[in-house]
2 protein chains.
Amino acid sequence: MKNRKKEKALDIRDIAKHAKVSIATVSRTINHVSTVDPDLAKRVWKAIDELGYYPNTQARTLVSGKSRIFGLVIPDITNPFFPGIVQAFEEIAIQYDYEILLTSTGNDQHRMEKAIRRMIERQVDGVAIMTFGMEEELLEHLHFRKMPLVFIDVGPPLPLVSNIRIQYQIGVRQAVQHLASHHHRRIAFVSGPPELKSATARTLAFQNAMAEKGLEVPDGMIVSGHHTVEGGLAAFEQLAARTERPTAVMCSNDVSAIGVMRKAYELGIQVPDDLSVIGFDDIHLAEFVIPPLTSIRMSQTELARLAFHALLADVERTSLPPAGTEYFLTTELVLRKSTAPVRKPAAEPSKTHPF
Amino acid sequence: MKNRKKEKALDIRDIAKHAKVSIATVSRTINHVSTVDPDLAKRVWKAIDELGYYPNTQARTLVSGKSRIFGLVIPDITNPFFPGIVQAFEEIAIQYDYEILLTSTGNDQHRMEKAIRRMIERQVDGVAIMTFGMEEELLEHLHFRKMPLVFIDVGPPLPLVSNIRIQYQIGVRQAVQHLASHHHRRIAFVSGPPELKSATARTLAFQNAMAEKGLEVPDGMIVSGHHTVEGGLAAFEQLAARTERPTAVMCSNDVSAIGVMRKAYELGIQVPDDLSVIGFDDIHLAEFVIPPLTSIRMSQTELARLAFHALLADVERTSLPPAGTEYFLTTELVLRKSTAPVRKPAAEPSKTHPF
DNA sequence: ATTGTTGGAGAAAACGTTTACTCGAAGAGC
DNA sequence: GCTCTTCGAGTAAACGTTTTCTCCAACAAT
């Protein structure tokens, strides 16, 4: 009869009894309410320590209505860009005593919906979404529950949701400028998956920048790399088969850039001498691939920081700025060794080290 | 007076009222208890759907005592090996309706303890730990609460905790054999952080394999790469400065191998012609770096699967195997292009493409 | 017909907290 | 010295579920 499955974990009541105070006092002590007598508090802490008590967050959440959990939805944890963000997000969350419920959707609409549903059921206090493509109905549910929301990159223009807008145009313009100044004219673009809004935004930025420079983008010079290494591989294979091969290719993210570099290498095309490559995201590894990859950088730390604070501002309504704010994140070109001036087509094969 | 902060989310009571049944029936319906009348169940589901009800997991957990959350502790999410595991773990967790509380400790003892504490407070049903170095006291708390535990790689030999033992010796032996058959004698090892048990286990496996082959490992031929690119960089710089430079280097993980390849490149040392490099982990990217990295593979999917099932077996005591089981995961060498036969030291510089 | 069984639905008691609310003691003002 | 505040601790009522228990109806067996 006394033999339950588990020994039944320690209660706030056990602490109260042991410290000879009421449970309310224990609760107040734990929550650092100032009105509790220092002597009593000391007794409580002592009891907590001696007995090895851990408060039950679930019970806490149930009554307080705040779970101190933020959901974080990313498309693909396997793409090194996102772990960087997750890490930064976690670091700041810990500081503020928040927990993260992470989910990697693989760009799958259905999994994303499941994830959001689970997050609601777990009573998250808010969710940051890095991947767009969400059903109206789900969004309505979220909205109906007044769930604090922040969309990173490209979100829907809804009244109360915050957005972090990444200013692609800046970095892309710098990149095109850089390439153009090195006499590149035939510049290809390896885009992301077409259903991903942030990918199409990057593509658009590229097209605009090219137009600004008066450069043409012939048909077939924009091809999807699906934001994966394999995608990059396939994309460049396609590009390389053209009669008029591009002298430079910009990629919608770094891992697909790694893919095109690799395919170029396989085909005996030297980067950067025969082909300039520019990535996007500036993942940590970009600096260390061979040759080091020139990339368009956006700060993962800053992105995470903005997202977290947007959420926080929304849940603690007191602090500014209000929900529905737009935040902006700039991008910039960081030059490394994967680009070079365009060469005369008929030149002899290059020597060895590109740097 | 009626104006609460939020509209107060839907209740199980609202559903009961709307479907004209008792809350017990609603609960039973949701939990698929077979005894509920199909007609009533239909009414309940209809109400749930119409009203857009999401059950409150926190309340559920509170009474049932099961949170359906597993903690997952990894050392560094920034190292691509771990995202692979996280992804596999998440996939299988979702299948079983479990949630993951992920934490990346950065090999920091203190952060790890905090993480574990938070996990206990969140009432996780078990935790998988991929990084060892834990205070006795914390372990005792865990043990005291009968928390299901699985250590991945190198865990403490405790009665009721499961362990997944990775059989390094196999892959390492293959690697040394491979190198030896290509006439390498001076083989260096870039190890991981010395405080990481799994890193020292790999180092030990290397030493044993070398001894088996009758190969010497002179002082200074084992140097720490800290399992990071930067560490690999520094490690090889040190190695390259030796009068007797190694002709091959094995690394305790892939990212440090990427570091040594990069440093070699900087120094004008060709991989694989002048230097053979073998990594460890076989991350996805290993196949795509230049040259493709030969590595010692262990299946991330399998690792995650084993860990999850170990935990699951422990929480649902019915199913075998029991808690405290040891699982084994093999490793194997996967050959790519970063190794080659040792060359005569005085040979001329290599041509260009290694493959 | 009467009594047992069975099966399924509802009532009510947990689960471990926070948070009004209550209440007594101590200090201030007259 | 008496009432009026103020302050801090304890009591009790939530929070949204699951789950045990109770109860009633229906059906089987005598």
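**Close-up views of a predicted protein–DNA model**

**View 1. Backbone and side-chain contacts to the phosphates of DNA strand C.** A polar backbone atom of B:Ser22 lies 3.0 Å from a phosphate oxygen of DNA strand C, a polar contact being a pair of N or O atoms within 3.5 Å. For A:Arg60, an N or O atom of the side chain is 3.4 Å from a phosphate oxygen of DNA strand C. The elements giving two or more residues to the surface near DNA strand C are helices H1 (12-19), H2 (23-30) and H4 (57-64) of chain A and helices H2 (23-30) and H4 (57-64) of chain B. Helices (H or I, at least four residues) and strands (E, at least two) are DSSP runs, numbered from the N terminus.

This is a predicted model, in which local features need pLDDT of at least 70 and side-chain atom pairs count only at pLDDT 80 or more, while totals for chains, interfaces and linings use all residues. Residues are numbered from 1 along each chain as its sequence is written, chains are lettered from A and ligands numbered from 1 in the order in which they are written, and side-chain values use heavy atoms, with hydrogens and water left out.

**View 2. The residues around DNA strand C.** Of the atoms of DNA strand C within 4 Å of the protein, 66% belong to sugar and phosphate.

**View 3. A six-stranded sheet in chain A.** The sheet is open, with mixed pairing and the strand order S7-S6-S8-S9-S10-S12; two strands pair if DSSP finds at least two bridges between them. Strands S7 (222-224) and S12 (332-334) are at the edges with a single partner strand each, so one side of each has no neighbour in the sheet. Strand S9 (residues 276-281) and strand S10 (residues 294-297) of chain A pair in the parallel sense over four bridges. A:Asp281 stands opposite A:Arg297 in S10 of chain A.

**View 4. The contact between chain A and chain B.** Each chain gives 63 residues to the contact, which means heavy atoms within 4.5 Å. The two chains bury about 6500 Å² between them, 55% of it on carbon and sulfur atoms. Buried area is the accessible area (1.4 Å probe) that two parts lose on being put together, summed over both.

Methods: A residue is near a molecule or strand if one of its heavy atoms lies within 4 Å of it. A polar contact is a pair of N or O atoms within 3.5 Å; within protein, one must be able to donate a hydrogen and the other to accept it, and residues adjacent in sequence count only if both atoms are side-chain atoms.
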